[in-house]
Amino acid sequence: MLARILTFLIVLSVTFLSHAQNKNFIDMPYLETTASADTLVTPDRIYFNILVNEKDAKGDLTFEQLQVKMEETLRKLGINTQEDLELSDLVSNFKKYFLKGQDILKTKLYSLVVKDATMAGKVIVALEGLGISNVTLEKFESSKKAEIMLTLKARAIRRSKQYADTMAGPLNQKIGAAIFISDQGKSDDLALQGRVAGLRARGVNSYTAEGKYNQPELQFEKLKFETSVTVYYKLN
């Protein structure tokens, strides 16, 4: 019985304390502000899916030799294939699928990441030259997403303080310490899922009079990062 009474008193005490704190916050003169910040960033991580299958190997070139040639070609472009190229299917060494219900073809799906649109264009052209045309864009993003969001949050907080000072000035009051802060941020990493949304090509594929290939200039839409903060400042 005594234990129940003590438990009831403790709960009552905590409830009263919580109510008193909430009441003090409500009764405290404060100014609420909301501010936002955003920026556009060029993506520096562009992901490709590359499907290599047995029918891509022409002439005397075998399926295995085609894969070796693909890696060699990517390395010549300056790509670190040890870090930026990997097999998407880690369970088995290769997949098989049926063609016309009769032939069984070997396939491998690779994931490749490059750092800019110029390299992305070179990769597409180089793979087409090898006969590998099943190349799709998966997504693109910024490797500095965390740092960008922190910078935007700080910028939004500074703006909220400027807004508060501006509003309190005509009242002959001053802004005190922040007594409540919340934020909501979002980024616009684009998952393309095989589509070409966000990708633009300037110019067209063409050849000069000397037979030199003119590669179109690829451009990616910039990624939008934004955040919004709500801050309550005490009014003095």
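## A lysine without a salt bridge

Which side chain of opposite charge is nearest to K108, and how far away is it? In this predicted model, the nearest one belongs to E64, at 6.9 Å. K108 is buried and has no salt bridge, a term that calls for a side-chain nitrogen of Lys or Arg within 4 Å of a carboxyl oxygen of Asp or Glu.

K108 does have a polar partner, though: its side chain and that of Q67 are joined by a polar contact of 3.1 Å.

Next, take a look at helix α4, which is made of 13 residues, 117-129. At 1.5 Å a residue, the helix should span 18 Å, and the C-alpha atoms at its ends are 19 Å apart, so the two values agree. Several of its residues are buried, including A117, M119, A120, G121 and V123. A126 and L127 are buried as well.

The N-terminal end of α4 is capped by D116, which places a side-chain oxygen 3.2 Å from the backbone nitrogen of T118. Just after the helix comes G131, with a positive phi of about 90°.

## A nonpolar patch on the surface

Finally, let's turn to the surface. Here Y30, I179 and F180 form a nonpolar patch, and together they have about 230 Å² of accessible area.

Of these residues, I179 sits in strand β7, residues 175-187. I179 has a relative accessible area of 30%, so it counts as partly exposed.

Technical notes
Residues numbered from 1 in each chain as written. Predicted model: local features only at pLDDT ≥ 70, side-chain atom pairs only at ≥ 80, totals over all residues. Heavy atoms only, no water. Buried < 20%, exposed > 50% of the residue type's maximum accessible area, 1.4 Å probe, protein only. Lys, Arg positive; Asp, Glu negative; His and termini not counted. Polar contact = N/O pair within 3.5 Å; in protein donor to acceptor, adjacent residues only side chain to side chain. Helix = DSSP H or I, 4+ residues; strand = E, 2+ residues; numbered from the N terminus. Expected span 1.5 Å × (residues − 1). Patch = residues over 30% accessible without salt bridge, like charges linked within 9 Å, V, L, I, M, F, W, Y side chains within 5 Å. Areas by Shrake-Rupley, 256 points an atom, 1.4 Å probe, with all protein chains shown as cover.
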